[in-house]
Amino acid sequence: MKKYLTLAALIIAFAGNAQAQNASSTAQQTVQLDLSNAVEMTFVNSGNATGNTVTMNFNTADNYANGVESAAQELKIRSNKDFKVAVKIDYSSFSYAGTGTINLATIPTNAFEMKLVDNNTGGSVAAPFSTTSYSTITATDQDVILNGNNGDDQRFSVKYKCTPGFGLPAGTYSFNMVYTATQP
């Protein structure tokens, strides 16, 4: 009987020691992130890279002589590096719908202008553009914002103004404004 009690005590002691030992194992692996430079520009009102059509109506002689101003157009930039923004008129997208005859050579080169009305990019407004007066937009890239800060919600707003004069026939004129955000 003593043997059974001793054996039972040994079994209980062994079982207690076995339960007190914690088993563990570890494994590891390297996770590598391959980050590329990324920049994206969208129009806030449409949420994508194609903004809504901006319609400027010329109904009076005063409109032709003094120009018509658009509502503010807001753009948003997301970039992991500092950036700059340029603008140009894309005359290859030019179209005219009306009863007159028109060619690009008859359109006044200083008829279409732009100004910044708000700049929350952390960057500076590039000359000749400003927040106080309009500047002519050309068919070649012109810097608008320089040294914009990287971030997820960098915004700026522009207004357009067109003063066509009295030399163009009535009708609907369309062209694209192209904005380009570039990282240095």
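Which residues is Asn-63 in contact with, leaving aside its neighbours within four places in sequence? They are Asn-57, Phe-58 and Val-68; contact means heavy atoms within 4.5 Å. Asn-63 is found in helix H2, residues 61-66. Helices (H or I, at least four residues) and strands (E, at least two) are DSSP runs, numbered from the N terminus. At 17% relative accessibility, Asn-63 counts as buried. Buried means under 20% relative accessible area, exposed over 50%, and partly exposed in between (1.4 Å probe, protein chains only). A polar atom of the Asn-63 side chain lies 2.9 Å from the backbone nitrogen of Asn-59.

The structure is a predicted model, in which local features need pLDDT of at least 70 and side-chain atom pairs count only at pLDDT 80 or more, while totals for chains, interfaces and linings use all residues. Residues are numbered from 1 along each chain as its sequence is written, and side-chain values use heavy atoms, with hydrogens and water left out.

The protein chain has 2 helices and 10 strands. From the N terminus on, the elements run α-β-α-β-β-β-β-β-β-β-β-β. Of the 184 residues, 27% count as buried. The accessible surface comes to about 12100 Å². Carbon and sulfur atoms hold 50% of that surface. Accessible areas come from the Shrake-Rupley method with a 1.4 Å probe; for residues, only the protein chains shown count as cover. Among contacts with a separation of 6 or more, 78% are between residues 24 or more positions apart.

Strand pairing comes next. Strands of a sheet pair through backbone hydrogen bonds, either parallel or antiparallel. Two strands count as paired if DSSP finds at least two bridges between them. An open sheet of 4 strands has the order E6-E8-E4-E10, with antiparallel pairing. Its edge strands are E6 (124-125) and E10 (172-182), and each pairs on one side only. Strand E4 (residues 83-97) and E10 run antiparallel and are joined by 10 bridges. Within this pair, Asp-90 stands opposite Asn-176.

With strand E9 (residues 151-162), E5 runs antiparallel over 8 bridges. Phe-156 in E9 is the bridge partner of Asn-119. With strand E7 (residues 135-136), E5 pairs in the antiparallel sense over 2 bridges. Here Met-114 stands opposite Ser-135.

Ser-135 is buried, at 9% relative accessibility. Its side chain reaches the backbone oxygen of Pro-128 at 2.6 Å. Not counting residues up to four places away in sequence, Ser-135 touches Phe-112, Glu-113, Met-114, Pro-128 and Phe-129.

Asp-118 is partly exposed, with a relative accessible area of 34%. Its side chain makes a polar contact with the side chain of Asn-120 at 3.1 Å. A polar contact is a pair of N or O atoms within 3.5 Å; within protein, one must be able to donate a hydrogen and the other to accept it, and residues adjacent in sequence count only if both atoms are side-chain atoms. Leaving aside neighbours within four places in sequence, Asp-118 is in contact with Phe-156 and Ser-157. The C-alpha atoms of Asp-118 and Lys-159 are separated by 9.7 Å, although the two residues are 41 residues apart along the chain.

The structure holds 6 salt bridges. A salt bridge is a side-chain nitrogen of Lys or Arg within 4 Å of a carboxyl oxygen of Asp or Glu. Arg-78 forms one with Glu-40, the closest N and O atoms being 2.8 Å apart. Arg-78 lies in strand E3 (residues 73-79) and Glu-40 in strand E1, so the pair ties together parts 38 residues apart in sequence. Both are partly exposed, Arg-78 at 38% and Glu-40 at 37%. Arg-78 also meets Asp-152 in a salt bridge (3.6 Å, N to O). That pair links E3 with E9, 74 residues apart. Asp-152 is exposed, at 52%. Lys-84 forms a salt bridge with Asp-143 at 3.5 Å between the closest N and O atoms. Lys-84 in E4 and Asp-143 in strand E8 (residues 142-148) are 59 residues apart. Shared partners join Glu-40, Arg-78 and Asp-152 into one network.
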